[in-house]
Amino acid sequence: MDTPNPASPPPTPSKGAIPNLADWRFNRYLTMQLMPLFYLLLILGALVVVVGIVGICFWFSTLAGIIAAVIAPLAFLVIVAVIRAALEYMIMAHRIMRIIERMDALPNQVADLSVRVDGITEHVDRLTHHVDDIHETLMHVQPLLRSAGLPSRLLNALKPLGKR
(Lines give C-alpha, C1' and ligand atoms only; values in the text may rest on other atoms or scores of the structure.)
Protein backbone atom coordinates (compact mmCIF):
# COMPACT_ATOMS: atom_id res chain seq x y z
CA MET A 1 0.00 0.00 0.00
CA ASP A 2 1.06 3.58 -0.42
CA THR A 3 2.69 5.52 2.35
CA PRO A 4 1.08 8.70 3.66
CA ASN A 5 4.45 10.48 3.70
CA PRO A 6 6.56 9.56 0.64
CA ALA A 7 9.60 11.38 2.09
CA SER A 8 9.86 9.00 5.03
CA PRO A 9 11.78 5.75 4.60
CA PRO A 10 9.69 2.66 3.96
CA PRO A 11 9.26 0.49 7.03
CA THR A 12 10.71 -2.96 7.18
CA PRO A 13 8.08 -5.58 6.45
CA SER A 14 6.80 -7.61 9.39
CA LYS A 15 6.39 -11.35 9.14
CA GLY A 16 3.41 -11.59 11.50
CA ALA A 17 -0.13 -12.55 10.61
CA ILE A 18 -1.05 -8.87 10.26
CA PRO A 19 2.00 -7.02 8.95
CA ASN A 20 2.88 -3.50 10.10
CA LEU A 21 0.83 -3.76 13.30
CA ALA A 22 3.82 -2.41 15.24
CA ASP A 23 4.37 0.52 12.86
CA TRP A 24 4.35 3.32 15.45
CA ARG A 25 4.96 6.04 12.83
CA PHE A 26 1.90 5.02 10.81
CA ASN A 27 3.89 4.96 7.58
CA ARG A 28 1.69 2.23 6.12
CA TYR A 29 -2.08 1.92 5.95
CA LEU A 30 -3.35 -1.05 7.88
CA THR A 31 -7.04 -0.29 7.46
CA MET A 32 -7.58 -2.46 4.40
CA GLN A 33 -5.87 -5.43 6.00
CA LEU A 34 -7.99 -5.16 9.13
CA MET A 35 -11.29 -4.45 7.36
CA PRO A 36 -12.55 -8.08 7.46
CA LEU A 37 -11.79 -8.22 11.19
CA PHE A 38 -13.59 -4.89 11.76
CA TYR A 39 -16.58 -6.17 9.82
CA LEU A 40 -16.76 -9.37 11.85
CA LEU A 41 -16.38 -7.53 15.17
CA LEU A 42 -19.06 -4.98 14.26
CA ILE A 43 -21.49 -7.71 13.21
CA LEU A 44 -20.84 -9.60 16.46
CA GLY A 45 -21.31 -6.38 18.41
CA ALA A 46 -24.60 -5.71 16.61
CA LEU A 47 -25.75 -9.23 17.39
CA VAL A 48 -24.90 -8.78 21.09
CA VAL A 49 -26.77 -5.45 21.17
CA VAL A 50 -29.87 -6.86 19.45
CA VAL A 51 -29.93 -9.97 21.67
CA GLY A 52 -29.35 -7.74 24.72
CA ILE A 53 -32.28 -5.48 23.78
CA VAL A 54 -34.52 -8.52 23.28
CA GLY A 55 -33.38 -9.85 26.70
CA ILE A 56 -34.11 -6.52 28.38
CA CYS A 57 -37.55 -6.43 26.72
CA PHE A 58 -38.29 -9.92 28.10
CA TRP A 59 -37.14 -8.74 31.52
CA PHE A 60 -39.69 -5.89 31.44
CA SER A 61 -42.56 -7.97 30.10
CA THR A 62 -43.21 -11.08 28.07
CA LEU A 63 -45.26 -9.19 25.49
CA ALA A 64 -42.49 -6.61 24.95
CA GLY A 65 -39.99 -9.46 24.67
CA ILE A 66 -42.08 -11.27 22.03
CA ILE A 67 -42.50 -8.03 20.04
CA ALA A 68 -38.74 -7.34 20.28
CA ALA A 69 -37.96 -10.94 19.26
CA VAL A 70 -40.15 -10.55 16.15
CA ILE A 71 -38.58 -7.22 15.20
CA ALA A 72 -35.00 -8.27 16.09
CA PRO A 73 -34.11 -10.13 12.84
CA LEU A 74 -35.21 -7.18 10.70
CA ALA A 75 -33.37 -4.73 12.97
CA PHE A 76 -30.26 -6.94 12.84
CA LEU A 77 -30.37 -7.01 9.00
CA VAL A 78 -30.73 -3.22 8.87
CA ILE A 79 -27.80 -2.77 11.26
CA VAL A 80 -25.63 -5.18 9.23
CA ALA A 81 -26.56 -3.33 6.02
CA VAL A 82 -25.60 0.00 7.59
CA ILE A 83 -22.31 -1.46 8.85
CA ARG A 84 -21.57 -2.85 5.39
CA ALA A 85 -22.38 0.48 3.71
CA ALA A 86 -20.17 2.37 6.17
CA LEU A 87 -17.23 0.02 5.63
CA GLU A 88 -17.65 0.18 1.85
CA TYR A 89 -17.64 3.96 2.14
CA MET A 90 -14.38 3.73 4.08
CA ILE A 91 -12.90 1.48 1.40
CA MET A 92 -13.97 3.92 -1.31
CA ALA A 93 -12.45 6.84 0.62
CA HIS A 94 -9.24 4.86 1.07
CA ARG A 95 -9.02 4.14 -2.66
CA ILE A 96 -9.69 7.77 -3.52
CA MET A 97 -6.93 8.78 -1.10
CA ARG A 98 -4.52 6.39 -2.83
CA ILE A 99 -5.44 7.87 -6.21
CA ILE A 100 -4.83 11.38 -4.88
CA GLU A 101 -1.43 10.31 -3.55
CA ARG A 102 -0.55 8.98 -7.00
CA MET A 103 -1.74 12.23 -8.56
CA ASP A 104 0.53 14.16 -6.19
CA ALA A 105 3.46 12.25 -7.72
CA LEU A 106 2.42 13.17 -11.28
CA PRO A 107 4.24 16.54 -11.47
CA ASN A 108 7.59 14.85 -10.81
CA GLN A 109 6.82 12.16 -13.38
CA VAL A 110 5.72 14.73 -15.96
CA ALA A 111 8.84 16.81 -15.32
CA ASP A 112 10.96 13.72 -15.95
CA LEU A 113 8.91 12.97 -19.06
CA SER A 114 9.45 16.47 -20.45
CA VAL A 115 13.22 16.05 -20.00
CA ARG A 116 13.04 12.78 -21.94
CA VAL A 117 10.94 14.36 -24.70
CA ASP A 118 13.42 17.24 -24.93
CA GLY A 119 16.25 14.70 -25.34
CA ILE A 120 14.34 12.89 -28.09
CA THR A 121 13.61 16.21 -29.77
CA GLU A 122 17.33 17.03 -29.78
CA HIS A 123 18.10 13.66 -31.40
CA VAL A 124 15.40 14.18 -34.02
CA ASP A 125 16.76 17.68 -34.75
CA ARG A 126 20.27 16.26 -35.21
CA LEU A 127 18.94 13.57 -37.54
CA THR A 128 17.04 16.20 -39.52
CA HIS A 129 20.23 18.25 -39.88
CA HIS A 130 22.12 15.14 -41.03
CA VAL A 131 19.45 14.37 -43.62
CA ASP A 132 19.53 17.99 -44.80
CA ASP A 133 23.34 17.82 -45.09
CA ILE A 134 23.12 14.59 -47.09
CA HIS A 135 20.47 16.09 -49.35
CA GLU A 136 22.53 19.25 -49.91
CA THR A 137 25.63 17.17 -50.69
CA LEU A 138 23.69 15.06 -53.17
CA MET A 139 22.36 18.20 -54.85
CA HIS A 140 25.96 19.44 -55.28
CA VAL A 141 27.17 16.07 -56.55
CA GLN A 142 24.20 15.47 -58.84
CA PRO A 143 25.66 17.41 -61.80
CA LEU A 144 28.93 15.49 -61.39
CA LEU A 145 27.08 12.19 -61.33
CA ARG A 146 25.15 13.15 -64.47
CA SER A 147 28.28 14.19 -66.25
CA ALA A 148 30.01 10.99 -65.17
CA GLY A 149 27.15 9.04 -66.66
CA LEU A 150 27.43 10.90 -70.01
CA PRO A 151 30.38 8.87 -71.42
CA SER A 152 28.67 5.60 -70.57
CA ARG A 153 25.52 6.76 -72.33
CA LEU A 154 27.53 7.75 -75.37
CA LEU A 155 29.23 4.37 -75.48
CA ASN A 156 25.90 2.59 -75.03
CA ALA A 157 24.45 4.73 -77.80
CA LEU A 158 27.39 3.90 -80.14
CA LYS A 159 27.24 0.13 -79.54
CA PRO A 160 24.12 -0.42 -81.60
CA LEU A 161 25.70 1.50 -84.47
CA GLY A 162 28.83 -0.64 -84.37
CA LYS A 163 26.85 -3.89 -84.48
CA ARG A 164 25.09 -2.96 -87.71
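**Exercise 1. In which helix is the place of Leu-41?** Classify the exposure of Leu-41 as well, and describe the surface patch to which Leu-41 belongs.

*Solution.* The structure under study is a predicted model.

Step 1. Leu-41 is found in helix H1, which covers residues 31–60.

Step 2. The relative accessibility of Leu-41 is 49%. Partly exposed is the class between under 20% for buried and over 50% for exposed, so Leu-41 counts as partly exposed.

Step 3. A nonpolar patch on the surface is formed by Leu-37, Leu-40, Leu-41, Leu-44, Leu-47 and Val-51. Together these residues have about 530 Å² of accessible area.

Step 4. Leu-44, another member of the patch, also lies in helix H1. Its relative accessible area is 42%, so Leu-44 is partly exposed.

**Exercise 2. How many helices and strands are there in the chain?** Give the share of buried residues and describe the accessible surface.

*Solution.* 

Step 1. The chain has 2 helices and 0 strands.

Step 2. Of the 164 residues in the chain, 15% are buried.

Step 3. The accessible surface comes to about 13200 Å². Carbon and sulfur atoms account for 72% of this surface.

Step 4. Consider the contacts between residues at least 6 apart in sequence: 57% of them join residues at least 24 apart.

**Exercise 3. Is Val-80 buried or exposed?** Locate Val-80 in the chain and identify the residues that Val-80 touches.

*Solution.* 

Step 1. Val-80 is part of helix H2.

Step 2. The relative accessible area of Val-80 is 16%. The limit for buried is under 20%; therefore Val-80 is buried.

Step 3. When residues up to four places away in sequence are not counted, Val-80 touches Tyr-39 and Ile-43.

Step 4. Between Val-80 and Ile-43 there are 37 residues in sequence, but the distance in space is 6.3 Å, C-alpha to C-alpha. For Leu-44 and Val-80, a separation of 36 residues in sequence goes with 9.7 Å in space, again C-alpha to C-alpha.

**Exercise 4. How many aromatic pairs does the structure hold?** Classify the geometry of Trp-59 and Phe-60.

*Solution.* 

Step 1. The structure holds 1 aromatic pair.

Step 2. The ring centres of Trp-59 and Phe-60 are 5.4 Å apart, and their planes stand at 55 degrees, so the pair is tilted.

Step 3. The angle limits are under 30 degrees for stacked and over 60 for edge-to-face, and the rest count as tilted.

Step 4. Trp-59 and Phe-60 are both exposed.

Note on methods:
Residues numbered from 1 in each chain as written. Predicted model: local features only at pLDDT ≥ 70, side-chain atom pairs only at ≥ 80, totals over all residues. Heavy atoms only, no water. Patch = residues over 30% accessible without salt bridge, like charges linked within 9 Å, V, L, I, M, F, W, Y side chains within 5 Å. Areas by Shrake-Rupley, 256 points an atom, 1.4 Å probe, with all protein chains shown as cover. Salt bridge = Lys/Arg side-chain N within 4 Å of Asp/Glu carboxyl O. Helix = DSSP H or I, 4+ residues; strand = E, 2+ residues; numbered from the N terminus. Buried < 20%, exposed > 50% of the residue type's maximum accessible area, 1.4 Å probe, protein only. Contact = heavy atoms within 4.5 Å. Phe/Tyr/Trp six-rings, centres within 6.5 Å; stacked < 30°, edge-to-face > 60°.
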